[in-house]
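Colleague: Could you take me through one part of this model slowly, as if I were new to reading structures? I'd like to hear about the strands and how they pair.

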Amino acid sequence: MPATGCGASDESGVDAKATVAVAAGFPVTVDNCGVRTTYDKPPSRVVTIHQHPAELMLALGLKDRMVGTAFPDSAVLPELEKDYESIPELAEREPSFEKILDAGPDLVYGGYGSAFAENEGRSRQAFAGAGIDTHLNREYCGRKRVTMKDTYDEIRTVGKIFGVPDRADALVAGLKARVGEATTAVRGEPRVPVFVYDSGDKSAFTAGGKGLGTELIRLAGGENVFADLDDVFGDVSWEQVVERKPEVVAIYDYAGAGSVEEKKKFLLSQPALADVPAIRNKRFVVLPLTATLVGIRSAYAVDDLARGLHPESFR
């Protein structure tokens, strides 16, 4: 369970005794995707763009610092749902620069690179010009391969920015324990070939080797059949899917890309896929897209995947 606080707290969830100590730990300097930011004090008015940064902040007990969020794309973790619903939603997708400014933030925390799309007037430079700091999820910093270490590092970095490193350490420890339980359960089991189906009809949009999804599948006792795709996501042909004989299809579930049932119906209706083991045996594992990204949900995804790939290990 995400850690939501430590010590005696007021009703907002902020440790009153820690407030003075927090200020004493500053300034804090963070290098993030080529942008260096020095925080003289913890941000107090934050807008998150995309769901996974919002959930990360809530899991750290930082609801009182959030003045707006945007772009929900999956069901929120049940234990965070009430807090999430209490944050004003600025837009169904990325809000405009002006809409964000209206919320009066001192920090904008983006999940995908599109949070700071220059062609939409939301560049990090534009926010800096308005006196607003920005932070981008490290998954979109253009680094090579993303792993669970990036998840833990992201949590600790956000904990440092907000002056709650102890909460971040506790949250990371809990997530590591969850992953450890899943990997221990499937240790020694044969690796299951997995095809990630995000979307697509004429071709398949799938998870490549650079994204966190490949690591999650590996930890769960599987193998991404397109781990050699040199990108976070990319298009592959259906002929390639047939050739690689996946035994399980991991369906990514998110708003705006068709329902899980529609995706299953499409895959099962394609004659060319009829002899693919995963399709023939109707073996599907469903993952919310937010659970496959750098954020608190990735540890949950390892557990869900492991149970889907090796159900006998959890009986």
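Modeller: Strands β8 and β10 (residues 222-224) run parallel and are joined by three bridges; two strands count as paired if DSSP finds at least two bridges between them. Strands themselves are DSSP runs of E with at least two residues, numbered from the N terminus. In this pair, V192 sits opposite G222 in β10. Please keep in mind that this is a predicted model, where local features need pLDDT of at least 70, side-chain atom pairs count only at pLDDT 80 or more, and totals for chains, interfaces and linings use all residues. Residues are numbered from 1 along each chain as its sequence is written, and side-chain values use heavy atoms, leaving out hydrogens and water.

β8 also pairs with strand β12 (residues 248-253), again in the parallel sense, over four bridges. Here V194 faces V248 in β12. Strand β8 (residues 192-197) is mostly covered, with five of its six residues buried, meaning under 20% relative accessible area with a 1.4 Å probe, protein chains only.

Now look at another set of strands. Five of them form an open sheet with parallel pairing, in the order β5-β4-β3-β6-β7. β5 (89-91) and β7 (133-136) are at the edges with a single partner strand each, so one side of each has no neighbour in the sheet. The twist from one strand to the next averages 20°, taken between axes that are lines fitted to C-alpha atoms, with angles running from 0 to 180 degrees between N-to-C directions.

Methods
Buried means under 20% relative accessible area, exposed over 50%, partly exposed in between (1.4 Å probe, protein chains only).
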